[in-house]
Each structure stands twice: as C-alpha cells, then as structure tokens.
Amino acid sequence: MRDPFVFSMNLMRPFVEARAAVHGLSMHQEIGFQKDSQGEYKSSQCIHMDCLRWVKRDSYLPVGSHNLKAAAKAKLGYDPVELDPEDMCRMATEEPQTLATYSVSDAVATYYMYMKYVHPFIFALCTIIPMEPDEVLRKGSGTLCEALLMVQAFHANIVFPNKQEQEFNKLTEDGHVLDSETYVGGHVEALESGVFRSDIPCRFKMNPAAFDFLLQRVEKTMRHAIEEEENVPIDQVTNFQEVCDEIKNKLTSLKDVPNRIECPLIYHLDVGAMYPNIILTNRLQPSAIVNEATCAACDFNKPGANCQRRMTWQWRGEFMPASRSEYHRIQQQLESEKFPPLFPDKPARAFHELSREEQAKYEKKRLADYCRKAYKKIHITKVEERLTTICQRENSFYVDTVRAFRDRRYEFKGLHKVWKKKLSAAMEMGDAAEVKRCKNMEILYDSLQLAHKCILNSFYGYVMRKGARWYSMEMAGIVCFTGANIITQARELIEQIGRPLELDTDGIWCVLPNSFPENFVIKSTNAKKPKVTISYPGAMLNIMVKILDWDYYIERLGSAIQKIITIPAALQQVKNPVPRVRHPDWLHKKLMEKHDIYKQKKISELFIHEGKRQVTINQHPEGSQGHGILDMEDLGVTKPLQPAVPIATKRKRVPIESQEESQNLELTQSWREILGQPPSLGTTKEEWLVWLSFHKKKWELQARQRQERRKKRRVETKDRVLSSGVIRDGPTTGLGHFLRRTARSILDLPWQIVQISETSQPGLFRLWAVIGNDLHCIKLNIPRVFYVNQRVPKEEDGSSFRKVNRVLPRSNMVYNLYEYSVPEDMYQEHINEINADLSAPDIEGVYETQVPLLLRALIQLGCVCMVSRQLVQHLTGREAETFSLEYLEMRSLAQFSYLEPGSIRHIFLYHHSQGSKALFGLFIPSQRKASVFVLDTVRSNQMPNLNSMYSSEHRLLLEKVGPDLLPPDKHIFEVRAETDLKTIYRAIQRLLLGYKEERRGPTLIAIQSNWELKRLTTGMPVFEEFPLVPVCVTDDISYGALDWQRHAARRMIRHYLNLDTCLSQAFEMSRWERS
C-alpha cells in the first residue's frame, strides 16, 4: 500500500485530507490543492504532473505493470527497495532506517521517471497542442487530436463541424434495426507458437522462385533504400555494386539449398508510419468522403473528371432479425402504452413524451424480447465489402496536417540521431559539460519525435471516436483494410523465404535463415552521411508494399487521351485510334444531335452564297424527270435531286449461323494460327510436293475468308435499308452513321432479352438484348407499382395514380382501386411518408408493395419485346439512352424467334475457392483456347497435362450426348500459378477486353462460382460489359488434398463439357409468354 503514495498524488491525497480533517486543518487553505469535478487534485497556482497518468496512457506497458515497481524496472532498469506491508508498522519502531531507505527509494524512482519521460514528453506536446500541461497529461489522445485539428482548421479558415450525434435505432437497407456497426480493424494473427531463440536451430522450407524474384530486384531495392529512405544520391555511393553482389551471392546460396536447418534471425519487420502514409497517399480525410448526390451537385462533376477515387473497406454490423414491418408494429404498440414518470408522484408518461433516447431504449428492449421468442436469437452479424468515393478536390487541411506532422517527426528523428552521435563523441573525449549538453539535446529531440508519433497515431483512431467533430467510419475502415492488404502481401513473401510468426497491424514477427542478407554499410562521398547502415530485410519489405493505385492513374491517363486524341477523332468521323479508351456516353448523344436529319434547320442554312458561279440546282441529269416546284428544304443543295418515292421492299431475314459455324476458327484467325509455320521449299521432289500441298491449303483458306468478308459487307449494305422501305438521307460512313443505324434498329427490331440486372441506382436496371445481329446494353427504368383500395373515391386521377378495375386477393371487396406508379428512388426516399399516408382509416388495403421490380419486368416483357409504336414515332431520329418499362411491349414467340442456335456465342468462367486456394478457368470455345489460373499461398503449378485430360473426358462424353451439345474437341490450355488474387483479376480482364475488341459478335459469359456474382463483378469490372448467366451447379470438392489441383482441374473440365447442355436448358426455360 506504500507504493502508490509517492507514485500518484491522487491516491495519496484522500488519506492525507482525512487525517488533516481530524486535526481541524484545511489542505486547500494550507497548500492550495483541492479536488475538481473529475476527482483530480489541482491548483490554480501550480501544475500537478501525475506520473501514473503518463504510465496509463503513454507508456504502452501491460495493465498489470502500472505500479511504481514494475514501471521503474521496465523503463529505468532500476529495482526500488521492496518491503512487505505487514512488516511496515514493526519497522517504524524497530528499523526506522530501513523504512526511510524504502521511502527514499520510491521518491528517487518517481523523480527519475518524471525527469526522463514525463516532463520532456508532456512539455513537448504542449508546444503542439493548445492546452495547459495538466490537460495534456490527463486528456485522451482523441481529445488532444481534435484540439490540434481545430487550431489547424482555424488557420485554414474552415468552419468546425458539429460533434457527431448518435443515430438511435438506425435501420439497414433491407429494414433491420442495427444494434451496432463498425469497420473491420487491422489484421492481427498468431501463426506459430513455441520458443524461438537465435541460438536454437529452426527448420526452413523455402521457395526457390521467391529468390529469383528477389535477385531481379536487388539493385532496385537498394537504390530505393539509399535514395528514398536515407536521402543519399546514388551517384555519391562508392560501394553500391559490391554490396549488391554480396546480397546476390547470399540469395543464390539460399536458392540452391532451399531446405535447411540453421539458427534463425528473429526480426520484426514493420512498415514505417503505415497508417499516416495510407492517409497521405490516398488523400483520406473525413470531409472527403462523398456520395453520388454530393458529386452530382459539384461544379467539377463533368465527363472525364478524375477527382473521384473509389476505395474498398469492410463493414461489420450486428442487427436484429425482425423485419421493418415488425419493427413498425412494435412502435405502434408502444405508442398506446404508458411509462413510469421521471419523478415520484407524477403522472405516467405517454410514449411521445419520452426523450428520443428513452424511446430508442424501450423500442430496442421490446424488439429484443420479440426476436428472442420469434427467431430464437436477438443478433445477426454481417460482414460486407463496401465501396466509398474519396474526393480528391476537397480542401486538404486534414491531409496537410498529417503530412506536416509526419515530416516534422522525421526531422526530429534525424536530429535525435545527430545528437546521439555527438553524445558518443563527447563521452569518448571525456568532456563533462559537452556530455551534459548533448544528453539534454538528445532527450529534447527524442521527446519531440515521440510527441509527434503520439499525435500521428491518433489521426487514424480519432475519426471513429464518438462525438468527434471530424467523424468518419468509412475513412477508418479504408485505412485498416488497406493496411491489412499490405501486411498480407508482406506475409506472402515471408512465407516463401522464412517463417512468419505473428502478424501485427503494421508489422510482422518472423524468423529468417541466419545466412539471409542482413545489414550492409553503404559508403558515400556525402559529407553529412559518409556511412549508412541499411537493413536489407526492411528495405525488401518497404519496396514490396509501396501503396500505388494504378487504376486511378490509368483512369487519369485515359481522360487525357480522350481530350487530346479520341474525342477530336470522333468529331471528325474517324474511327477510335485508341480502342482501349472508350468513348464517353455523352459523345454518342452529341454526334446523334449533330447528324440528326430531322433536326430543325436554321434560316442561314437554307441559303448559300453562289457568287458568279452558275446555279445548277434546277438542272436534271439526262433521262431523269424534274419535279417542277422544289421543297423549301431542298433550296441551296447543289447535288442532283433524288427520287423520294417510298420503295416497297421485302426484308429478308439474315440466315442465322449454326452452332458448329459459330465455333469455326477458319474464318476468324490467320492462316499461320490454323496451319502453322510453312515448310521450307527444299531440294527434293518430295519436299516440293509437301511445300505445294501446304500452300494449296493456305490459298483455299484465304479464298474462303475473302468470300466471307464480301458476304458480310453485303449483309451490312442490306441493313442500311429500314423496315419501312424508305432510304433516308445522311452520311453512309463514319461513326455518326453507325450510331444512327444502331438507334433505328433499337426502335424498329424485336429485343431478344438475355439478362436484366440491377445497378447501384434504385429502379434502374441494365437490360442486355440481341437486336438484329448485335448485342445491346440498354438502361431500363422500372417504377414501383402498387394498388390502394380505399373507401372514399378521389376527385380525379393524379400524375402518379389512376383508377383501375382488378380482382383483389382472397376475393376482397373492391371499393375504389387506384394503381400507383412511382419511381423507385423516390419511393425508397419517402417510404416513411408513404406508409403514413397509406395508414389512413379510409384505406381498406394496399397490395403488391413487396413485388420485386425484376419479377414485374419479367412478367410484363417475357423473353421478346419491342418498343411501342407511340414511342417510336416520338423518338424517330433521336437517341434514347433509357427506356421506361411502360413503353416496352411483349411479343409472341409465334411472331419472332428467341435466341436460336448460333445467334449468340458464349464464354465460360469457372471459379471455385476454398480458404486461400482457388481455381479460375476462362474458356473461349470460338477460339478453342482456355486460360487456367491457380491461386495459392505459394506460386506452385502442379497441374497435369490438361490437353490430354480434356481429350479423354471429351471422348467419354461424346459417346453419351453426341457432338451437338459439346464444345470443340481440341483446346489450347495456358496455366498460370499466382499468389495474388488481384493479379488473376487483371489477367482475366485483359483476356476479356481483348476478346471484346475483336468484335466477334454477341457473346454472353456463363459463370459457375461458389461466390456471389456481385463479389466477382466488384473485383473484375469488365463483367459489366457482358451479359452474365450464372450456372448453378453444386461443386462438392475439397482443396485440402495434396494433389488438389489435379482433382479440381478434372472437375472444371467436366463442368465445361456439360455447359452446352446447361445453356440449352436455360434457353428453353426462358422461352415463355403470357397466354
């Protein structure tokens, strides 16, 4: 009990005050200290620096080591005198000197603890934070961080945001009451347990391929460490190549003997200032977290804007299983009850008289009781990945503050190293005065860099603090998720060259072989840094985990290419010279308006100045008949008049290629890809005959390809004639003509619907349809339609409702039935107001509010539909980007066919994932190619010969189902083993983009995966450019076996061989219509 008396005045004062009160003394009047509202003893005349407060907040000691003895031993290396409390009373009379020594020992430990750690650290913080030392010592790090941000915001002329207020009983998007929500924090994992020492040998099993990777990057790694981390120009280094050669020799020896037993190097590899650097690299700040509504109102939100960076984070929430309607019923029940008063002898209170906090408490308690009885549980935990937009144009005062503190801390760390070297030199010289001065400066700069480190670490955690002015759960989640990805990448590298032991939020504890390259001295001609010691493991990790968002910079480069190259080319009717950079959507609309033949002409366009030239407008070619009086629109046109008589033509249907022809490679690839390299001419007759036979095949193939190209040109020429039979004026070449022809085909031809999928905007769907010979992606607006049966009729029909006659469910009586059609986004935004209006007493019932929008579209459209004639007349000559469901009409299968064989091609994507292992397969039947990707923690390709496996499985199935429902018999397989999922995503995207640029006709992607399509689409956005058909086949296979790759490959090939059967069944099930 003696221990805390000296260590903390707050623990000693109550005993002293009680003893003084017995003797009639007032400690406040005697020494000026008294207890404040927070239980702290303070004085207005001096400061009270409580060492215990520093130990609890800033010492980073375990909870059980916050007493004086443990803190002094850990921080000072000093073990104070320890006495048994039971012996203190006896020692006071028998051994007073021993007791006095004990008291002095505590006082000395407390004094040196304060002078070495507390005093310099707290007063260094006082130079940064506008608070008195008492407050700086006692306040939490979040409060200190907010005070600092308020100062910086004041200097930047930024208004302080209001404190974050709690939102009671928040609902999820699907109507469940949230109990709590947060983000998934940093990744911490204990991988191995046991005793690891540098003198106890360990077994290492390493991957030689990893050392090949490191060997290729030795110069780059060391150059980055010297120039970026140590700020020494590479041309001033004198032994750069020698150090690199030494590192390569050690790595080569490890590569040659990857399995070894030797003493380990125990390392803690950490990423320097990881969270602050993540904030700076991505310009993360709470005020920069925006949504679509914010961007829509922004002046910079223009086509090609590159100020939006989308980043992923993980949200975790606990919500109650009760639905929205059940929650509303409980609210209605509570509104009719009475609740206890605030004060005794007062009347009971109604629900609306309670505060919002009390209402939320009663609602949650009643809802929890209901869920416990109805659902047998009160919580459901859900973790989902979310995508948040970061504005890159937001005022950067928060980011600038973080950058200033990071750079200032680096400066203080550098000065601390300088004075530490000066201290060593002074101690060697024996100059006591210089030693004291250097020691003081070393303590000063060490305290300053620690103070800045404390604030830097608070910038991340502060944004999730309750009541924070700059509050952002999204920002905290993005920082943690990005940091976890960095540490995971580092772990994958360490697993191949050593053994990771434990993952921390910003580092890894690991053991490396004793022969691994460690520390190297870099010599230079730099006067300030003649010698620099670089740790190769740390440098290797830092260059491996640099945070560079290539997608963001590629997007910026693409927008620059659009402005300089592709958009000017399109305006001049030149084909896109950079196909990988797509034209923006607004460009198509502008070109349609520019070349619209039905656009109202200006008066200046009707007349032209001819000068002295002969006017030939009324002249006609020989043999042609004049029309006498000209139309007003024809004035000023110098070309001969063309007859505008409607031509009655019968539109012949283009024959649809068969399934076998669609998979034929001879008409789409070059002769070298089909026949191979030509043989040499040779010198003998046999060699000449072989050469001649090969070239005859080549010439025959080239002739067929030329014939096919001429056939396609004839078909395209026929497509220029509209179904109405009138040949319209306008350019017949260029982008404008292509867009006009596309718009006419959308309006005039039937739509064979392939897929209708949701978008991020409520009520807006993406409709994929085969129209003519092309595949189109069209935006479809589906309104929320529901019916209200009310007893009192309305005066007249409104803009959003009309009176109808329907048969109600369960033969309910129809009073006055109204059909409401409301845009989905407006319905979701005003759902509470709509529910309140529909709860009126005169309403008998509300029907079909829970019908999914997708189901309504399928019922109304079927599998084939067309644009209504009224809308066609209205939109003739214009481009329609979005169609509403009410303007589309179902067509019978007796009139039009639906997805006949050969009308649409397909690509197959197979994906199956278990834990950290996964298998991807992308099959393109038309090219007889397949790309297989193996994902594992190590880059190991143990695949069998897929060509022979595919041929054997194909022969077995050929006997059962026949050739019509099988893909081609031979495929070329390409296999890659990767350890990074994003690398596989990028490779698949490149393959699909390359296929799309080849324009091989309408194509869908059949996907078989044990993940949701939304998760795959998030990782590979190119899927949004194809219609997707999920193949729902159960794939029961374990990836835990040693030869899992062989079993998984065989299962994948079997699924691919059965794909045509699955797709034909799916097409048959899609062919339906209302009777």
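Which hand does the crossing of helix 9 and helix 17 have? The tour below reaches that crossing after a view of the whole chain.

**Before selecting anything.** This is a predicted model, in which local features need pLDDT of at least 70 and side-chain atom pairs count only at pLDDT 80 or more, while totals for chains, interfaces and linings use all residues. Residues are numbered from 1 along each chain as its sequence is written, and side-chain values use heavy atoms, leaving out hydrogens and water.

**The whole chain.** Display all 1075 residues; 40% of them are buried, meaning under 20% relative accessible area with a 1.4 Å probe, protein chains only. The secondary structure comprises 35 helices and 32 strands, taken as DSSP runs (helices: H or I, at least four residues; strands: E, at least two) and numbered from the N terminus. The accessible surface is about 61,800 Å², with 52% belonging to carbon and sulfur atoms; the areas come from the Shrake-Rupley method with a 1.4 Å probe.

**Helix 9 and helix 17.** Select residues 141-155 and 397-429. The axes of these helices come within 10 Å and cross at roughly 115°. Axes are lines fitted to C-alpha atoms over the stretch in contact, and angles run from 0 to 180 degrees between N-to-C directions. The crossing is right-handed, that is, the near helix is turned clockwise from the far one by less than a right angle. Show the side chains of Leu148, Leu149, Gln152 and Ala153 in helix 9, which meet Phe397, Tyr398, Thr401 and Phe405 in helix 17; contact means heavy atoms within 4.5 Å. By class, this contact has 6 nonpolar, 2 polar and no charged residues. Ala, Val, Leu, Ile, Met, Phe, Trp, Tyr, Cys and Pro count as nonpolar, Asp, Glu, Lys and Arg as charged, and the others, Gly among them, as polar.

**Helix 17 and helix 18.** Helix 17 passes helix 18 in a left-handed crossing. Their contact has 17 nonpolar, 4 polar and 12 charged residues.

**Helix 13.** Finally, select residues 274-281, where 6 of the 8 residues are buried. These are Met274, Tyr275, Pro276, Ile278, Ile279 and Leu280. The buried residues of helix 13 pack against helix 17, helix 18 and helix 19 (473-497). Following helix 13 is Arg283, with a positive phi near 50°.

Definitions and conventions
Buried means under 20% relative accessible area, exposed over 50%, partly exposed in between (1.4 Å probe, protein chains only).
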